[in-house]
Amino acid sequence: MGLNDEEVKKQIDHMMAFIHQEAKEKAEEIDAKAEEEFNIEKGRLVQQERLKIMALYEKKEKQIDLQRKIDRSNYLNVARLRLLETQNQYIQEILEDARSQLGKVTKDKNHYQKVLTGLLTQSLFQLLEPVAQIRCREADVELIKVAKEESLKAYYENTKKSCELSIDMQHFLSPECAGGLELLAKEGRIKVTNTLESRLELLSRQMLPEIRETLFGKSSTRKFFD
């Protein structure tokens, strides 16, 4: 017995309701899976961006720290240079004061006579020439004459050599020179300078480390000592 139209309609409605329910459940399942995948991908992207931001922050932090160290080193170097400049200026002032005091050496004639003899004798040993000429201040000519004889005697006793030694009466050291002498040979091509200024300059260069240590104490950065 065949189905009447009412029964067919009910059966079709039932099938459509079933299909609709199946579709609805499938859609919900798809939505749930999509939501889950979306959340997973969102979490992955968030984590990825977080790691990028952390890496960038760490890089910038290292750059800032490096720049801070560079700035600190530069500031320290500038401070050291300023300190050295101040110390050198102070040393130069002391040496300049010493230069201004050189003239006092000549005030005591007996003492200055011995100084000239010593300077001339040393010059003869440095020069080691058979013929030489002394150049001095015009005011020191008489003292140089005495120094000449004593120096030649000491020179011969120590080297067994003689030297034809004369005093240059045409050219004198500047009156501004504090004292001392120059010894020339080979028509002036060889010269030993032993003025009081040159001796002070030589001694100040040789004793600069000791002068600096005396004035400012031992350097914490100095590694080599003479």
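**Stop by stop**

Start by selecting F125: at 33% relative accessibility, this residue counts as partly exposed. Keep in mind as you go that you're looking at a predicted model.

Is Y155 buried or exposed? Y155 has 1% relative accessibility, so it counts as buried.

Keep both residues on screen, because the rings of F125 and Y155 form a tilted pair, with centres 5.7 Å apart and planes at 50 degrees. The structure holds one aromatic pair, and it links distant parts of the chain. F125 sits in helix 2 (residues 109–127), while Y155 sits in helix 3 (residues 141–159), 30 residues apart.

In what order do the strands come? This open sheet of four strands goes 2-1-3-4, and its pairing is mixed. At the edges you'll find strand 2 (164–167) and strand 4 (190–195), each pairing on one side only. On average, neighbouring strands are turned by 20 degrees against each other, ignoring direction.

Zoom in on strand 1 (residues 131–136) and strand 3 (residues 180–185): they run antiparallel, and four bridges join them. Select R135 there and look across to E182 in strand 3, which stands opposite.

Last, bring the helices back. Helix 2 lies across strand 1, strand 2, strand 3 and strand 4, and runs at about 25 degrees to strand 3. Helix 4 (residues 196–206) also packs on the sheet, where it touches strand 3 and strand 4. The direction of helix 4 makes about 85 degrees with that of strand 4.

How values were computed. Residues are numbered from 1 along each chain as its sequence is written. This is a predicted model: local features need pLDDT of at least 70, side-chain atom pairs count only at pLDDT 80 or more; totals for chains, interfaces and linings use all residues. Side-chain values use heavy atoms; hydrogens and water are left out. Rings of Phe, Tyr and Trp (its six-membered ring) pair if their centres lie within 6.5 Å; planes under 30 degrees apart count as stacked, over 60 as edge-to-face and the rest as tilted. Helices (H or I, at least four residues) and strands (E, at least two) are DSSP runs, numbered from the N terminus. Buried means under 20% relative accessible area, exposed over 50%, partly exposed in between (1.4 Å probe, protein chains only). Two strands pair if DSSP finds at least two bridges between them. Axes are lines fitted to C-alpha atoms, for helices over the stretch in contact, and angles run from 0 to 180 degrees between N-to-C directions. Contact means heavy atoms within 4.5 Å.
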